[in-house]
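Please walk through this protein with the sequence and the structure side by side.

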Amino acid sequence: MKKLFDCLVKNGKLVIPTQGIVEAALGIKDGKVAALLDPGVDLPAGKVIDAGGNHILPGVIEPHSHLALGNRVEDFATETKSAALGGVTTMFTYLRRQGLYDEMFPVMKEEAESRAYVDVAFHFGLMLSEQVDHLRRCFEDYGVSSFKFFMAYKGEEGRAMGIIGCDDGLMYRGFQQVAHMGQGVACVHAENVEIIDTLKPALRAAGRDDLAAWSEARPGFTEAESIQRAFFLGRETGCPVYIVHLSSAAGLEIVREWRQKEGVRYVETCTHYLTHTLRAKEGKLAKANPALRHEQDREALWQGLKDGSIHTVGTDHVPFTKTQKMVSIWDSPPGFPGSTTLLQVLLSEGYHKRGLSLEKIAEITSFNTARIFNLYPRKGTLQVGADADLVIVDLELERQVQAKNLLSYSDFSIYEGEILKGWPILTMVRGQVVMEKGEIVGPRGFGRYIYRNYTRG
């Protein structure tokens, strides 16, 4: 009998953003969703997967990671493999350089596609006037439609990280160019570094070397003030603005004030701001920028997810090691791994403990990200015609987080030892099963770079 599908995924509950939860089977052909069928249908297929009554979500799209900062380009292998364990099927990573991207792009694309287990997309950092002048080329030739502006990282802090923070003039002109692209979005790291630099010296002089000191040097109002400025410039230029890693209740208040005003604005938070505070037992391992906040900030962010003020959740994943992190709090690099536990945190802390719906989780982990960054309808949904990117989750499965099992180059997790409830049991990328029952079964180098200008594959 002729096979109708390459793969049939049956007996599942599909979580389809904007449509709800539907008991259905998925027919997959040529890497695409080809049909939605009765849940227990028995049709000829090259491979049949029984979801066992579990929920099937669109593959997670990680909007915020920093690859090639841990073990260089080998991060494209280790970190996408690790991410696949957590149901991630597309991974955005920020590239940055102090020059044009003409030489860097083809090299990084080749390195990614030769190693990645899941699909990969790039954001470009904008730090120089000459980079702003080449935005159109980045979009048309390289399929990059999202560009990062660093309001933080000026002066000594920026030099230590190889980043040139942008002044308001560069941001204004950059916003103009992004707006002219039509499909672009400006990703903004919003922190007022001038105020931060006035607070640090007293804390250091007092001999402080703890996680809370880092937070006290970067209070929430420094984020809120910069969000206000970014949104204002976005409105003036007509540029869509995407605030990365919102961390504070003060910042969220500004976001809500702008909701009814003219302009296009999006907001991302990260899992660690939803689970950890400045008193986290992980200490320096949990150092991040923006800094961890107080419990009231954490709970405010959960409410922001529920009411739609926050559109996406990422992790700011960077595969540092304990050795790199466990130095002075003032010298420790900000960031830590997180992509592998993104979905589990939202299921355990959001769905089970706070009543965050599965539909909302699918929106903030996949659908919204795809729409904001020009991946939809190819990604972010389980509708016919979309890439067959999906994750089957067992909502009742409980596991203890152990860094040694997460396959990252990094040797720690800020969730080490915690029991999370709700884990992926299968991850599929474009019809290829890459993870099954906690084991990586997909091939290295299967991941593809995704152009986002709608003119290429």
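**A buried leucine and what surrounds it**

Leu-382 is buried, with a relative accessible area of 1%; buried means under 20% relative accessible area, exposed over 50% and partly exposed in between, with a 1.4 Å probe and protein chains only. The model is predicted, so local features need pLDDT of at least 70 and side-chain atom pairs count only at pLDDT 80 or more, while totals for chains, interfaces and linings use all residues. Residues are numbered from 1 along each chain as its sequence is written, and side-chain values use heavy atoms, with hydrogens and water left out.

Leu-382 lies in the loop between helix 15 (358–372) and strand 14 (390–400). Helices (H or I, at least four residues) and strands (E, at least two) are DSSP runs, numbered from the N terminus. Beyond its neighbours within four places in sequence, Leu-382 has contacts (heavy atoms within 4.5 Å) with residues including Leu-14, Ile-16, Leu-26, Val-33 and Leu-57. Its C-alpha is 9.7 Å from that of Ala-35, although 347 residues separate Leu-382 and Ala-35 in sequence. The loop between helix 15 and strand 14 also holds Pro-377, and a cis peptide bond with omega about 5° joins Tyr-376 to Pro-377.

Next come the aromatic rings. Rings of Phe, Tyr and Trp (its six-membered ring) pair if their centres lie within 6.5 Å; planes under 30 degrees apart count as stacked, over 60 as edge-to-face and the rest as tilted. By this rule there are 14 aromatic pairs. In one of them, the ring centres of Phe-105 and Tyr-449 are 5.3 Å apart and the planes stand at 75°, so the pair is edge-to-face. Phe-105 lies in helix 2 (residues 104–115) and Tyr-449 in the segment after strand 17 (439–440), so the pair ties together parts that are 344 residues apart in sequence.

Helix 2 itself has 12 residues and spans 17 Å from first to last C-alpha, close to the 16 Å expected at 1.5 Å a residue; the expected span is 1.5 Å times one less than the number of residues. Its buried residues are Met-104, Phe-105, Met-108, Lys-109, Ala-112, Glu-113 and Arg-115. An α-helix has 3.6 residues a turn, so residues three or four places apart point the same way. The buried residues of helix 2 pack against helix 1 (75–85), strand 7 (88–95), strand 8 (119–126) and helix 4 (135–142).

A charge is also placed over a ring: the charged end of Arg-430 sits over Phe-446, 4.3 Å from the ring centre. The rule requires NZ of Lys or CZ of Arg within 6 Å of the ring centre and within 35 degrees of the ring normal.

Thr-18, in the loop between strand 1 (5–16) and strand 2 (20–29), has a positive phi of about 75° although it is not a glycine. At 60% relative accessibility, Thr-18 counts as exposed. Asp-30, in the loop between strand 2 and strand 3 (32–37), has phi near 55°, and it counts as exposed at 65% relative accessibility.
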